[in-house]
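The sequence and structure come first.

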There are 2 protein chains.
Amino acid sequence: MAAPQFSVFIATSLDGFIAGPGDDLDFLKAVESPPEDYGYAKFAASVDALLMGRRTYDKVVAMGEWFYGDKPVYVVTNRPGTSTHGEKFVSGTPKELAGQLEGAGHRRVYLDGGNLIRQFLAEGLVTDLTVSLIPVLLGSGIPLFGGTGAPCELSFDSADSYPTGLVQLRYRVKH
Amino acid sequence: MAAPQFSVFIATSLDGFIAGPGDDLDFLKAVESPPEDYGYAKFAASVDALLMGRRTYDKVVAMGEWFYGDKPVYVVTNRPGTSTHGEKFVSGTPKELAGQLEGAGHRRVYLDGGNLIRQFLAEGLVTDLTVSLIPVLLGSGIPLFGGTGAPCELSFDSADSYPTGLVQLRYRVKH
């Protein structure tokens, strides 16, 4: 057994926000261009579980759509929740959570949510980051990195730009 | 006469810092790869003046090297300064400064410094942004955008990645 990979796949404004004020995700609409999915389906197929923060989870639930099929979903929270799609509510430090997911046999985990991503980065537990930059400055909102983190060296992997102006950047975390 | 274009050409960490704690610029060394200049000389040749914030100016002076040849340099400050290369110390709102530079006949101005860039963005006075992303998360430092700004729609222009892992993104500001 080995610790699972933790992979980030997230969209931000050029100024680094994953949501505007009030958790507003309207800025993502400017790049919606079906059937283009910016590699999401391929990425989703490459993970065997999801670990997300409570704020992200609550936002997903409020959207009324479940994006994760029957993949195991773990929600990190200290508050009670009602499981509607088999998701599990878990708590612990990043290392404890990584151990728990390793114990469950997971190999690659989709890590979602700004707080959780920062915590896992600070513990050196993130394997790779795919960041899709939306061509807008939001000016305020929920930051992805937010200046509360630890330094972390990255290895650039690849980048693609799309006709919508979205630029997707892929990095591996150096350990 | 028309208002000059104000153009940003700046490097940031992936988490949006233009300098680390204590104005540390060491993170830029990882991508130094002469004679590659990431388009700096071409950009510098395209502007006929520079407008920079005092903090940026003081950092440049402390480096002991003058990067701007005999191009007119304007330093926005309310504190006295000693001109060593003909630079002028100016003050005013972004609109007043733009008027002053228009009056001096400038057509394209290199706008430098986080505070000044944010102020000019908020006033809709920035024409275009070239942002070079360095493959590192600094975790803290001096932010470029910093979440204190106004929303601003961008039009993606082009992107290039380099063997050092630097990714350069070019946007125009929608007005």
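Two strands pair if DSSP finds at least two bridges between them. Strands (E, at least two residues) are DSSP runs, numbered from the N terminus. The model is predicted: local features need pLDDT of at least 70, side-chain atom pairs count only at pLDDT 80 or more, and totals for chains, interfaces and linings use all residues. Residues are numbered from 1 along each chain as its sequence is written, while chains are lettered from A and ligands numbered from 1 in the order in which they are written.

**Strand β7 of chain A**

- Strand β7 (residues 128-134) of chain A has 5 of its 7 residues buried, so the strand is largely enclosed by the rest of the structure. A residue counts as buried if 20 or more other C-beta atoms, placed from the backbone, lie within 10 Å of its own; 12 or fewer make it exposed, and values in between partly exposed.
- Strand β1 (residues 5-13) of chain A pairs with β7(A) in the parallel sense, over 7 bridges. In this pairing A:Ile10 stands opposite A:Val131 of β7(A).
- β7(A) also pairs with strand β11 (residues 167-173) of chain A, in the antiparallel sense and over 6 bridges. Here A:Leu133 is opposite A:Val167 of β11(A).

**Contact between chains A and B**

- Contact involves 27 residues of chain A and 27 residues of chain B, where two residues are in contact if their C-beta atoms, placed from the backbone, lie within 7 Å.
- On the side of chain A that touches chain B, the elements giving two or more residues are β8 (136-137), β10 (152-161) and β11 of chain A. The largest share, 7 residues, comes from β10(A).
- That side of chain A divides into 17 nonpolar, 8 polar and 2 charged residues. Ala, Val, Leu, Ile, Met, Phe, Trp, Tyr, Cys and Pro count as nonpolar, Asp, Glu, Lys and Arg as charged, and the others, Gly among them, as polar.

**Strand pairing across the two chains**

- β10(A) runs antiparallel to strand β8 (residues 136-137) of chain B, joined by 2 bridges. A:Cys152 stands opposite B:Leu137 in β8(B).
- β8(A) and strand β10 (residues 152-161) of chain B are likewise antiparallel and joined by 2 bridges. A:Val136 faces B:Glu153 of β10(B) as its opposite residue.

**The β10-β11 hairpin of chain B**

- β10(B) is joined to strand β11 (residues 167-173) of chain B by 7 bridges, and the two run antiparallel. B:Asp160 has B:Gln168, in β11(B), as its bridge partner.
- β10(B) and β11(B) form a hairpin with 5 residues between them, and B:Gly165 in the turn has a positive phi of about 95 degrees.

Notes: Helix = DSSP H or I, 4+ residues; strand = E, 2+ residues; numbered from the N terminus.
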